[in-house]
Amino acid sequence: MNLTDQIMRPVGNAAGKTTLSGRVSRYDGLLLECDGFPVSVGSVCSVQTAHGVDVLGEVIGYDEGRNKLILYESGAAVQAGARVSLLDQGISVDVGDAYLGRVVDALGRPLDDQDVPKGASSVPLNGQMLNPLARALIPGALDVGVRAVNGLLTIGCGQRIGIIAGSGVGKSVLLGMMARYTSADVVVMGLIGERAREVGEMVRSIMDPAARERISIVAVPADRSPLLRIRAARRATALAEHFRDRGKNVLLIMDSLTRVAHAQREIGLALGEAPTSKGYPPSVVSMIPTLIERAGMGVGENAGSITGIYTVLADGDDDNDPVVDTARAILDGHIVLSRSIAQMGIYPAIDIPSSISRVMNDIVTPQQQAAARKFKRMVSLYNENRDLMLMGGYISGQDSDLDEAVASWPKMMSFISQSAGQSASLSESQQTLSAIVGRV
């Protein structure tokens, strides 16, 4: 029996009487403690309120004979002595084709005014560890429909890559383009901790008739419980694992990894963990690799893949944030979005010299490798000498490489720029790139 089926059905004996329950002994508006009864961390419980309507909470630990929970609904009218009953062990979630074309929350409840999806099977919420030597090799490139990424930062099937940017520089638009135009068999999108308005706009933009049958969305806005945000990230990853294990090439988009880290920070501090750099407790640093490593290639000859794209917020455009550093170290590359490029009206605002795909050289031809390196070199050379040229300190003919960069600048910016309604295939991107840089 899955979590959705058990939302209002406590675990009990044959007569239907609750056997695993306790009474509230402490509640401070965030952390709730009750009498100890045998549960594991992650179990979901129902808690009585003064209004007679039960609310749900999740066990985050236990100490000195008491269970500790955090409620999914803030501000619930919970009184001392209220009954706490076990609903679900919280270790597995429903998965299946029924979730394609649907938008659900962290508990699998529909957000699209349709019936509750009924999955064909269940999988562990926290995934299963795979032998790294048993994983298949990355077979080739994944077309994401974005010209600058396809040509200069080619992503491989099973690669994990981050999109690092501050707020308001076009992350959501870029993700929407990838979700609509990718060649992946299935797209699973986790919208974690974003503004409710942005969630609605994203769903409406990518759930068009042509793409919705291969897209599944798990969404939890910013005003929900931190536990729901974390569970949504794990649920989306579990759904992607299900399709990968059936031989599908899956594009998993997580927007954003930073909001998941913020949710874990709230939980860690509530449990008494010592804050370290910028207030992040150690559990955040350990959680990020655990979540990201679940993506990648599957096991076996007919294994599918999970190509993970994780957005990472650089608060105040600070690239030295602990979450940015941790993600950059574990990911297979990163795409940096620049506010200065966005202010020039160039979208997607990709900072090409600062971005890298660590598997690109293994999946593209030597000709494309050389063309991409020359493109990056010309962009860097132009930017380094831009102020000098504006002041009139450079005369054409002094540097042939700089002259070529200046002559090619309009074409290079046109190559990077792409409207949200336009798609660019891998082959088209490679041909256009070769035409710009010429013979290398």
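The side chains of R231 and E58 come together in a salt bridge, with 3.4 Å from N to O; the term stands for a side-chain nitrogen of Lys or Arg within 4 Å of a carboxyl oxygen of Asp or Glu. This pair joins distant parts of the chain, since R231 sits in helix α4 (residues 226-244) and E58 in strand β4, 173 residues apart. Helices (H or I, at least four residues) and strands (E, at least two) are DSSP runs, numbered from the N terminus. Both R231 and E58 are buried, where buried means under 20% relative accessible area, exposed over 50%, and partly exposed in between (1.4 Å probe, protein chains only).

A word on the basis of all this: the model is predicted, so local features need pLDDT of at least 70 and side-chain atom pairs count only at pLDDT 80 or more, while totals for chains, interfaces and linings use all residues. Residues are numbered from 1 along each chain as its sequence is written, and side-chain values use heavy atoms, with hydrogens and water left out.

I60, I70 and Y72 do much of the work on the domain 1 side, supplying 53% of the area it buries against domain 2, more than any other three residues.

Between domain 1 and domain 2 the count is one salt bridge. There are also four residue pairs in polar contact, both residues at pLDDT 80 or more. A polar contact is a pair of N or O atoms within 3.5 Å; within protein, one must be able to donate a hydrogen and the other to accept it, and residues adjacent in sequence count only if both atoms are side-chain atoms.

S43 is found in the loop between β2 (31-35) and β3 (44-47), and with 0% relative accessibility it counts as buried. A polar atom of the S43 side chain lies 2.8 Å from the backbone oxygen of S40.

The whole structure holds 16 salt bridges. In one of them, E266 pairs with R229, the closest N and O atoms being 3.3 Å apart. E266 lies in helix α5 (residues 257-270) and R229 in helix α4, so the pair ties together parts that are 37 residues apart in sequence. E266 is partly exposed, at 35% relative accessible area, whereas R229 is buried, at 9%. Elsewhere, R26, D28, E33, E64 and R66 are linked in a network of salt bridges.

Technical notes:
Buried area is the accessible area (1.4 Å probe) that two parts lose on being put together, summed over both.
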